[in-house]
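Have the sequence and the 3D view open while you read.

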Amino acid sequence: MGGERIDTAKLWQEYTEHKQTYSQLAAKYGCSPRTIKRKLDTYTPPHYSVAPGKVIVVMDTTYWGRNHGVMLFEDTITGKDLLWYFVRNETNALYAQGISELEGMGYEIPAVVFDGRKGLPMIFPDKKVQLCQFHQQKTVRKYITKHPKTEAAMELKQIVDMLTKTDKESFEGMFGSWCAKWNEYLMERTTDADTGKSYYTHKKLRSAYLSVKRNLPLLFTWYDNIEMDIPNTTNLIDGHFPHLKRMLRCHNGMSRERRDKLVVVFFEASRDLPEGKGLPR
């Protein structure tokens, strides 16, 4: 068939969506794998725009490889990807930059949803900020495990497991009762025989408890502003990333430039879908 007559857009689709390897494509088109790579590198992905308007932004960062990832800003109303940065590190400054850039493009952003980075809510004092409830549950499980042994920890896990299934008043009531019941237990201290210094006996349980207590004002922003239709989790974007990574794993060994182009095409594709559809999760 000859490399010069290859439709690069079709070739890119076969490479990414149909998961064809360089060798398979070279055999199909009667050329060398090197020619296939060269053709893929000349492909320019289409750019789709999303009309500015009111959006609820969910934002998060995922990584592949060392010090290389992507920070994504997605609209929960339309399911479309609005903005992304390739990053070495996830920082609050970059999240602030992204929101500022979107507003400069004409988007109205009354609320944001995030996964729990410290200090992030303070950057957006003029916006409603929702902390992902699933991430809060994961934080608690990190400290007390999925199968806690003590009665206090087991009760706290049961309460936090209800976080995504109940309303604000019920959760605050259950958590408040737990705090009152186990206050003395949480304050217990143990003295190190060698140093004479004391420390909290149940450090991991305290860390779990303090995490919930500290984040409580951000866990039910969606409930306090029900008319805004703010998601209570970052599920929209959390389901997005695994699909992207599955695509990337099908082409291990590709150059960073080619991989970044694949990521851009993936995000751009969400803008070309009907409103509210987004990409496969």
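In which helix is Trp12 found? Trp12 sits in helix H1, residues 8-16. Before going on, a word on the ground rules: this is a predicted model, where local features need pLDDT of at least 70 and side-chain atom pairs count only at pLDDT 80 or more, while totals for chains, interfaces and linings use all residues. Residues are numbered from 1 along each chain as its sequence is written, and side-chain values use heavy atoms, with hydrogens and water left out. Helices (H or I, at least four residues) and strands (E, at least two) are DSSP runs, numbered from the N terminus.

Trp12 counts as buried because its relative accessibility is 3%. Buried means under 20% relative accessible area, exposed means over 50%, and partly exposed is in between (1.4 Å probe, protein chains only). Leaving aside residues up to four places away in sequence, Trp12 touches Glu17, Leu40, Tyr43, Arg258, Lys261, Leu262 and Val265; contact here means heavy atoms within 4.5 Å. Take Leu262: its C-alpha atom is 9.0 Å from that of Trp12, though the two are 250 residues apart along the chain.

Glu268 belongs to helix H14, residues 256-271. With 6% relative accessibility, Glu268 counts as buried. Its contacts, again not counting residues up to four places away in sequence, are Pro46, His47, Tyr48 and Trp84.

Now look at H4, residues 92-104: at 1.5 Å a residue, its 13 residues should span 18 Å, and the end C-alpha atoms are 18 Å apart, so the two agree. (The expected span is 1.5 Å times one less than the number of residues.) Its buried residues are Asn92, Leu94, Tyr95, Gly98, Ile99 and Leu102. They cover an arc of only 165° around the axis, which puts them on the same side of H4; the arc is that of the directions from the helix axis to the C-beta atoms. An α-helix has 3.6 residues a turn, so residues three or four places apart point the same way. The buried residues of H4 pack against strands S1 (54-63), S2 (69-75), S3 (81-87) and S4 (108-114), and also against H5. On the face turned away from the buried side you'll find the exposed residues Ala93 and Gly104.

In H6, the buried residues are Gln133, His135, Gln136, Gln137, Val140 and Ile144. They pack against strand S5 (128-131) and helices H7 (151-161), H10, H11 (221-224) and H12 (235-238).

H6 also gives the most to the lining of the largest pocket, with six residues. A pocket is an open set of points on a 1 Å grid over the protein atoms alone where a 1.4 Å probe fits, with protein on both sides within 12 Å along at least five of seven lines; lining residues have an atom within 4 Å of a point. The lining has 19 residues, and Gly116, Lys118, Thr139, Arg214 and Asn215 lie nearest the centre.

Which residues have a positive phi although they are not glycines? Thr145 and Asp229 do.
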